[in-house]
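Me: Here is a model that I would like to go through with you, one question at a time.

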There are 2 protein chains.
Amino acid sequence: MIQVPPRMAKQLPTDKPATMADVARRAGVSPITVSRALSHPSRVAAIKLAAIRHAAQELGYVRHAIAGSLASQSSRTIGTVVPVLSNSIFADTIEGLSEVFEARGYRLLIGSSQYDPLREQRFVEAFMEQRVAGVALTGTTHTKGLRALLTRARIPVVEMWNLPRRPLDCSVGFSNYAAARAMVRHLVTRGYRRIAYIGGPTTMNDRTQARERGYRAELAAAGLPIRESLVRRTPFEFENGAKALSGLLDESPAPDAVFAASDVLAVGALLHCLRTGIRVPQQVALAGLDGSAIGSQLAPRLTSICFPRREIGACSARLLLDRIGGAAPGTIEDLGFELILGESA
Amino acid sequence: MIQVPPRMAKQLPTDKPATMADVARRAGVSPITVSRALSHPSRVAAIKLAAIRHAAQELGYVRHAIAGSLASQSSRTIGTVVPVLSNSIFADTIEGLSEVFEARGYRLLIGSSQYDPLREQRFVEAFMEQRVAGVALTGTTHTKGLRALLTRARIPVVEMWNLPRRPLDCSVGFSNYAAARAMVRHLVTRGYRRIAYIGGPTTMNDRTQARERGYRAELAAAGLPIRESLVRRTPFEFENGAKALSGLLDESPAPDAVFAASDVLAVGALLHCLRTGIRVPQQVALAGLDGSAIGSQLAPRLTSICFPRREIGACSARLLLDRIGGAAPGTIEDLGFELILGESA
DNA sequence: TCAATCGATGGTAGCGCTACCATATCTACG
DNA sequence: CGTAGATATGGTAGCGCTACCATCGATTGA
């Protein structure tokens, strides 16, 4: 650690920042006219508007949004909670949310729950203290306390990345269950019969739960047995995908295909094969779910299913804005999914 | 799009949420005592504290943080701008920031500039309207307007991911220049002589600029010629790394090593080699920079340099809190970097 | 000419909370 | 016993802005 003379000027004890009253005085109008000039420019005469803008510029006036929010009883702020930020999956959704809200002058408060519903609840509690106009959550696994809180608050809520039968309010996502079934069906169609499963931990993660249910349902529908020894659950890390695959190949009979219900795990597994010389799909076929960018760069390319990650955020944002604008609750948007065919399965 | 009967109760016209005055009345104390009970519990008698908490619970009272901020003239909010969220590199830094701020009761406002300094400025302007207590920026490439704004505002600022000689205020990062030199030196030590470079666009990205300067400086120091035909710049995408490498191998003489100044590009290049059967490092050695998780999963493992991404955020947060607490400006923290040896170079 | 209408502007009164100072009660000590 | 200090509580006065209503002059039509 070193200390340098900072560029920032050391000045006299901070003179307070200019207020609307200061701007009004300088522009020769009343404070309320300044307020209007900044938020409803069309309602102020052009000549005064110019004078006010000039005065504001000269004084280096910066609007005090906090005071504005208190007076207008509206914060123009939205809160969102995602499981993790460092997974680009949810980061894309946040970029989608941001883009729409930004264009409409809304701020976005972001929390990462680390897959812990209690942490999610804490974030939403903090959002309520900020009097957010709406909340966007990931998934449908919430604490009782959070459900109660949101029901009482009666603010718009959207649950993303899933399609609950009975949403808290609105929902934007796709069927994780159907996606998993579609992929398993694809494997069955290709002639694979001993299809193993690698998924994330199911505790507190409804997306993972739905995917695992889809896997089981499709196997059953195809008349194939479900062997519990071929079902593995492990946290979302490349290494874990590799380990799980390695373990599955030690089973006897070994699976002829592996469906990894998350691309992190699938890519980890595929890279393990590339490292150790296991031929994909000849020795074992591999399929993922998420449509991650890296999957299409591998050889063989990973067969996966992709979701409109960014659009989930953008659509959720639009829905929340509609709700804030008075639209009815209860909308559910299914944005679907798409099978990406690689050579891995 | 479908409509379902929402779980949310349709109720009478929203009764206003409870205020401190309501809680005070119910608990038989004055509003100011309620305020103290919530923010300085130790200054209130235990018996009243219990009564107040009970009353708040019964009324479903939620603190109005906006009113509190206005009255106390302190928002307990920090603003941060990163280039993109969807790159886990910066997401890790944000998680580091969040973790520290959350523990101290601060909120974090997040903006993504998309590598556009004007967008960065817009975000900081929005932060100022929220009267943030501090700002954390990525890099040192800022507009004149932003510099002026921050200088005038005289709030704590930390610039992350770089070590400016003359920071705006504080800085937490490492030397991108030294990291690039270290990697090129490593390649030279290994006996490579025609070392090519793939980097990101240098416009408005001081990290990329420093890395490219480091590459050139180390080549010069080693007495090796700098061939402009072996220097490529391209946006951070796997495909672009692949294309750039492919182009470099068409040069004659072809490079015997390629230094990609970002792991996205390096991994893209390495995967291209795996796909097309180019042997690494025999035909061409490959080195990256960022220490991404995927690099260590490939065969050969990617030689790279890793940075304490999360710690950059955590350290920045602590520094900002210190500054808010009155510490002197001008601190620069060099968190260093570490060479990760793989088989790729 | 006068009432009706409209657009532009201003005065007043809070939004819900906390800082500041004042007050009241209690303990400690010479 | 009186005063100083500590502790607990309350009253008052804003924080900086905007909603609401009032006002005022200008325009319009009968």
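Reply: A residue is called buried if 20 or more other C-beta atoms, placed from the backbone, lie within 10 Å of its own, exposed if 12 or fewer do, and partly exposed in between. Helices (H or I, at least four residues) and strands (E, at least two) are DSSP runs, numbered from the N terminus. This is a predicted model, in which local features need pLDDT of at least 70 and side-chain atom pairs count only at pLDDT 80 or more, while totals for chains, interfaces and linings use all residues. Residues are numbered from 1 along each chain as its sequence is written, with chains lettered from A and ligands numbered from 1 in the order in which they are written.

Me: Which residues are buried in helix α2 of chain B?

Reply: The helix covers residues 31-39, and its face turned away from the buried side carries the exposed Ile32(B) and Ser39(B). The buried residues of α2(B) are Thr33(B), Val34(B) and Ala37(B).

Me: Why do the buried residues of α2(B) line one face of the helix?

Reply: An α-helix has 3.6 residues a turn, so residues three or four places apart point the same way. Seen down the axis of α2(B), the directions from the axis to the C-beta atoms of its buried residues span a limited arc, so they line one face, within 105°.

Me: Is Asp290(B) buried or exposed?

Reply: Asp290(B) lies in the loop between β10 and β11 of chain B, and its phi is positive, near 145°, although the residue is not glycine. With 27 C-beta neighbours inside 10 Å, Asp290(B) counts as buried.
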